[in-house]
Amino acid sequence: MSGEDKFDVIIIGAGPAGTACAYTLAKEGKNVLVIERGTAAGSKNVTGGRFYTYALDLVEPGLWEDAALERKVTHEQIMMMAGEQSITIDYSNPAFNKSGEMPQSFTILRAVFDEWFASKAEEQGAVIACGIKVDGLIEEAGRITGVKAGGDEMFADLVIAADGVNSMIARQAGLVPELSDKTIGVGVKEIIELPAKTIEERFHLKSGEGASLLMLGCTEGIHGGGFLYTNNESISLGCVFTPSEAASHGRQVHDIFQDLKMHPSIYPLIEGGKTVEYGAHLVREEGYRGIPKKLYRDGLMVIGEAAGFVLNIGYTIRGIDLAIVSGVAAARAVISGKNPGPAYFEELNNIKLLPSMKAVDGYFDLLEIHRLYETYPKVASGVFNKMYSISGETPVSIKKGIWGVLKDNKVSLWQLVKDGIRGYRSI
Amino acid sequence: MSNVIVCFKWVKAEDDLRIDPATLAVDLSKAKGKISDYDRNAIEAARIASESAGSETIALTFGSNDAKTALKDALSRGPKQAFWVNDVSAENADGFVTANMLAAAIRKIGSYSLIVCGEGAADTYAHQVGPRIGALLDIPVISFVKEMRIEGSRLYAVRKLEDSLEQVEADLPAVVTVLPEINPAPIPGLKAVLEGGKKPVTEFKIQDLDLEDGDTSRKTDVVSFKGCSMSRKKILINEGDAKEKVTALVAALKKEGVL
Ligand SMILES: Cc1cc2nc3c(=O)[nH]c(=O)nc-3n(C[C@H](O)[C@H](O)[C@H](O)COP(=O)(O)OP(=O)(O)OC[C@H]3O[C@@H](n4cnc5c(N)ncnc54)[C@H](O)[C@@H]3O)c2cc1C
């Protein structure tokens, strides 16, 4: 093999994980090649659309100021839906967005963000080759020594798989098993364009401010939920479903999503908008317990969602920040010059990625409570219905009303207590 | 044989154009750039021609700063080096100005035996540039080329006309404008992409070129630029059994004058 065909590190995938890793390595003078199958970084990537800013600061302090971000999230909202009814909680805390400081979180559009981020890694000296799909790994005497793409072979001291949720590379290398339809979600999403002013009026935002809205009870009882993020001049609206349940449900995921768009609490938010993009994508749902036991073998490291680094914890989905953090951890492990496998795990701990994921591991159990996706939103709406229905008739006491609602929804006291304990334990 | 020069244009991707349905105004601001589709076939045609003749392929473009990405892309498709006339005026130049720029650049490059252009650009499809370059350099032009072959200093080409094929020959140097069917435009592989990023690019500014007064002034002016939006008739035929539906469909198509 000639010097031309060999790099220090080849990274597969220019998503947030791969790019963050490439940036960090290139900055330290490593000869890095990133291979991305999309015609540009981000061109095919589907995500919800919110990003926690601290991760970019780990890559390079202050980098976020120049980043292609949309609106800083000033409003955290949760909506529970039951039929046409809905209950919304809106939380805002100015401490998350103190003036002069780095805002905690932004909404983003991946096509824009990924391309910006990749251009920054290029500025650091990384080579990014787009429009090329890696077909497989090259293995010599048990060691991964390079990649195959089309008819070409390219070699490196280390190959890093950053190829996302359904990592063909990590599977091929025997590090990650086939994904199970019970531990992933299928997300569908539209980007709907609206003028900035309209978005600000509808969500009560100032210029540059954004809302993040998660919805429960919009999936016809299927394990899953909806999300809505306000971008500068568009809204990202989508839904995530557990595919095994959706398949036996009888209705197409796409149709349930269309109903969500027409919901009386959602339609006024997107009315008059123009859908400019529609996409579907998988997302891992297992959190900490979904992380494969081994993320390294001789010559190969796995980072980002390929390595299971995603948290879907009901009130937020975090994959982009964790992908970046894992990319930085892997790069630091390489730069340290230590034995890469153990060094990577050490860095994942140092950078607090593994501890953070472990801390919220119990959410998986909470989200397994099926009644969360239909029954409890109905119960909550039922209670509100009793509270707010005033017709001049003698009302039943709230207490009695609650019992009635529980009975209507076939929830026994025993189940309620059991779910309550399970929920409490899991958080 | 000396160099084969292939001219290509960096255009806006039509999929990214936004048309306002009310005013038909076209919004180009969100559109990404790409190498004009037919020019990709032209680049490959040039590569094949120079390979068979044992010469070098050179890529040439007239474009604004925006065209920088284009050069890498073009170079990953085979040419050994690229020349770039960099000026913002490229964004709304007509065939006259573009041909003046390219011909001046070609003179500066000096040695060439064949100039390959796409038959028309993906955006304007005006068929102007190739023939004009030929006129400016005072060399033969063969258009609508679907096949070509070089033997010594002679070019043999097949032109595809409306209802016939025409075989023509010319002495080199010459200009050909090629149809996309001349050859496929393969997507560059990994190594080609990496090499493309390393090949030399020479940038010309307008001042570097030997131009005469008036060469940079357009001969045609675009008076308006509007989208074309088709309004659909939205006829739904869903009454009756299959036979009745088909009859209704045929009747409706006849009424519209399409059958
Ligand atoms: C519907 C939905 C909503 C989500 N919402 C959010 C959210 O709001 N916030 C959040 O933080 N996270 C969210 N996530 C999760 C987040 O999008 C992912 O976890 C994150 O993108 C993972 O980053 P990554 O770099 O590991 O992989 P990816 O972003 O998937 O990038 C992988 C890259 O590798 C490329 N690639 C794959 N295979 C090959 C190959 N063989 N050769 C070359 N290139 C290849 C791909 O084209 C892609 O660019 C959401 C996910 C979904 C599906």
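**Entry 1: Val11(B)**

I started at Val11(B), which sits in strand E2 (residues 10–12) of chain B. Helices (H or I, at least four residues) and strands (E, at least two) are DSSP runs, numbered from the N terminus. The model is predicted, so I kept local features to pLDDT of at least 70 and side-chain atom pairs to pLDDT 80 or more, while totals for chains, interfaces and linings use all residues. Residues are numbered from 1 along each chain as written, chains are lettered from A in the order written, and side-chain values use heavy atoms, without hydrogens or water.

Is Val11(B) buried or exposed? Val11(B) counts as buried because its relative accessibility is 4%. Buried means under 20% relative accessible area, exposed over 50%, partly exposed in between (1.4 Å probe, protein chains only).

Next I listed its contacts (heavy atoms within 4.5 Å). Leaving out neighbours within four places in sequence, Val11(B) touches Lys32(B), Gly33(B), Lys34(B), Ser36(B), Ala122(B) and Asp123(B). Lys32(B) is 21 residues away along the chain, and its C-alpha atom is 8.4 Å from that of Val11(B).

Lys32(B) forms a salt bridge with Glu115(A), with 2.9 Å between the closest N and O atoms. The rule is a side-chain nitrogen of Lys or Arg within 4 Å of a carboxyl oxygen of Asp or Glu. Chains B and A share three salt bridges. I also find six residue pairs in polar contact across this interface, both residues at pLDDT 80 or more. A polar contact is a pair of N or O atoms within 3.5 Å; within protein, one must be able to donate a hydrogen and the other to accept it, and residues adjacent in sequence count only if both atoms are side-chain atoms.

Which helix gives the largest share of the side of chain B that touches chain A? Helix H5 (residues 190–196) of chain B does, with five residues. By class, this side of chain B has six nonpolar, one polar and six charged residues. Here Ala, Val, Leu, Ile, Met, Phe, Trp, Tyr, Cys and Pro are nonpolar, Asp, Glu, Lys and Arg charged, and the others, Gly among them, polar.

In total, 13 residues of chain B contact 19 residues of chain A. The two chains bury about 1,200 Å² between them, 54% of it on carbon and sulfur atoms. Leu190(B), Lys191(B) and Leu194(B) supply 51% of the area that chain B buries against chain A, more than any other three residues. Buried area is the accessible area (1.4 Å probe) that two parts lose on being put together, summed over both.

**Entry 2: Chain B overall**

I counted six helices and 13 strands in chain B. Of its 259 residues, 41% count as buried. The C-alpha atoms of chain B fill a box of roughly 70 × 40 × 40 Å along the principal axes. The domain assignment, automatic or from a database, gives domain 1 (4–208) and domain 2 (232–259). Their centres, over C-alpha atoms, are 46 Å apart.

**Entry 3: Helix H5 of chain A**

Last, I checked helix H5 (residues 196–203) of chain A. Its buried residues include Thr198(A), Ile199(A), Glu200(A) and Phe203(A). Their cover includes strands E12 (209–216), E13 (224–230) and E14 (234–241) and helix H8 (267–270) of chain A. Just after H5(A), His204(A) has a positive phi of about 55 degrees.
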